[in-house]
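Hi,

Here is the structure I promised to pass on. Have a look at it first, and then read on for what turned up.

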Number of protein chains: 2
Amino acid sequence: MERISTETVYEGKIAAVRVDVFRHPDGEEAEREIVAHPGAVGIVAHDDEKIFLVRQPREAVAEPDLLELPAGKLDVEGESRLDCAKRELAEEIGLEARDWRELKRFYTTPGFADEEVTIFEATGLAELPDHRPDPAERIEIVRWPLADLDGAIAACHDSKSLIGLLLLRVEG
Amino acid sequence: MERISTETVYEGKIAAVRVDVFRHPDGEEAEREIVAHPGAVGIVAHDDEKIFLVRQPREAVAEPDLLELPAGKLDVEGESRLDCAKRELAEEIGLEARDWRELKRFYTTPGFADEEVTIFEATGLAELPDHRPDPAERIEIVRWPLADLDGAIAACHDSKSLIGLLLLRVEG
């Protein structure tokens, strides 16, 4: 399968929309509308007693707040996925981690978007001394008991958080 | 939080993009770019020996093929999520199921899209007599051994498939 043409039909702040035409090996051509996204990271940060989650407004889905893993977009030019995860854990939760492990990479919705999310596990946690959360982000830190991981899975409703928590549940 | 304005800035075949402005309870306003999507269903269809997956091209993510749960968009006016899941299981796999159970609803990527996916478990499977797959869909049916559920989880790279298989792993 090869891409034989691409046209940007909308360019916004977060997402752009392209219409690409592909040719399959048998010669048939297919036109696809693709939302282009830089990708993101999500972080399963925990010690033996608790896992660090965030509660924040998500205007796109019209619920007042969602409970989620700390996460962020890969929107800094040249920054690696791991460095992005370290920065987001520091900014959102005020923590640094000694040990980092990549748990999974996945596409959020490969039928129409190219967004790929990388989930990291972060352990060996230590508090950063000067953490001042950005009030504009409206993020509430939630320390969820690790013994009630199933409760966190039931309370989360977005793909990266469910995949991260379920992998911890299966592998942990 | 209330929506105080909405403007459609792009209208495509699958996705539309809106720019909405929200007002938080403290009076602050936030502009959000939102990809609007009708939503989708995914189906964890299995018997005691195997789970039914599909392998198909996903042009948006530039990999030759992805291994996934059977799934489909809620693109038929007035059709319920469950009826959509029954139709997709029949069309993609040629099966009907006696027992249906909703496992989870989740947002694929709530930072910028409103797409919600409902995952169903389908059991009590029976083959439909006249199944003729649509060649235009380029879908290969994969019968994966249930004893190797961890292998399927490792081989899948999209959110609905991972969440469905991980929930089966945890609850099954």
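This is a predicted model: local features need pLDDT of at least 70, side-chain atom pairs count only at pLDDT 80 or more; totals for chains, interfaces and linings use all residues.

Residues are numbered from 1 along each chain as its sequence is written, chains are lettered from A and ligands numbered from 1 in the order in which they are written, and side-chain values use heavy atoms, leaving out hydrogens and water.

Now the sheet in chain B. It is open, with four strands in the order β7-β4-β9-β8 and mixed pairing. Strands here are DSSP E runs of at least two residues, helices are H or I runs of at least four, and both are numbered from the N terminus; two strands pair if DSSP finds at least two bridges between them. β7 (71-73) and β8 (95-107) of chain B are at the edges with a single partner strand each, so one side of each has no neighbour in the sheet. From one strand to the next, the twist averages 25°. β8(B) runs antiparallel to β9 (residues 116-127) of chain B over eleven bridges, and B:W100 has B:A122 in β9(B) as its bridge partner.

Two helices of chain B go with this sheet. α1 (residues 81-93) packs on it, touching β4 (40-45), β7, β8 and β9, and its direction makes about 120° with that of β8(B). α3 (residues 159-171) lies across β4, β7, β8 and β9, at about 105° to β8(B). These angles run from 0 to 180 degrees between N-to-C directions, with axes fitted to C-alpha atoms, for helices over the stretch in contact.

Over in chain A, β4(A) has six of its six residues buried, so it is largely enclosed by the rest of the structure. (Buried is under 20% relative accessible area, exposed over 50%, partly exposed in between, with a 1.4 Å probe and protein chains only.) A:A40, A:G42 and A:V44 point one way, and A:V41, A:I43 and A:A45 the other. β4(A) pairs antiparallel with β7(A) over three bridges, where A:A40 stands opposite A:K73. Six bridges join β4(A) to β9(A) in parallel, with A:V41 opposite A:T118.

Helix α1(A) also has a buried set: A:C84, A:A85, A:E88, A:L89, A:E92 and A:I93. They sit on the same side of α1(A), because they cover an arc of only 135° around the axis (taken from the directions from the helix axis to the C-beta atoms).

Last, a pair in chain B. B:Q56, in strand β5 (residues 50-58), counts as buried at 10% relative accessibility. One of its contacts beyond four places in sequence is B:R138. B:R138 is in the loop between β9 and β10 (140-145) and counts as partly exposed at 23%. The contacts of B:R138 also include A:H24, A:D26 and A:E28 from chain A.

Cheers

Terms used. Contact means heavy atoms within 4.5 Å.
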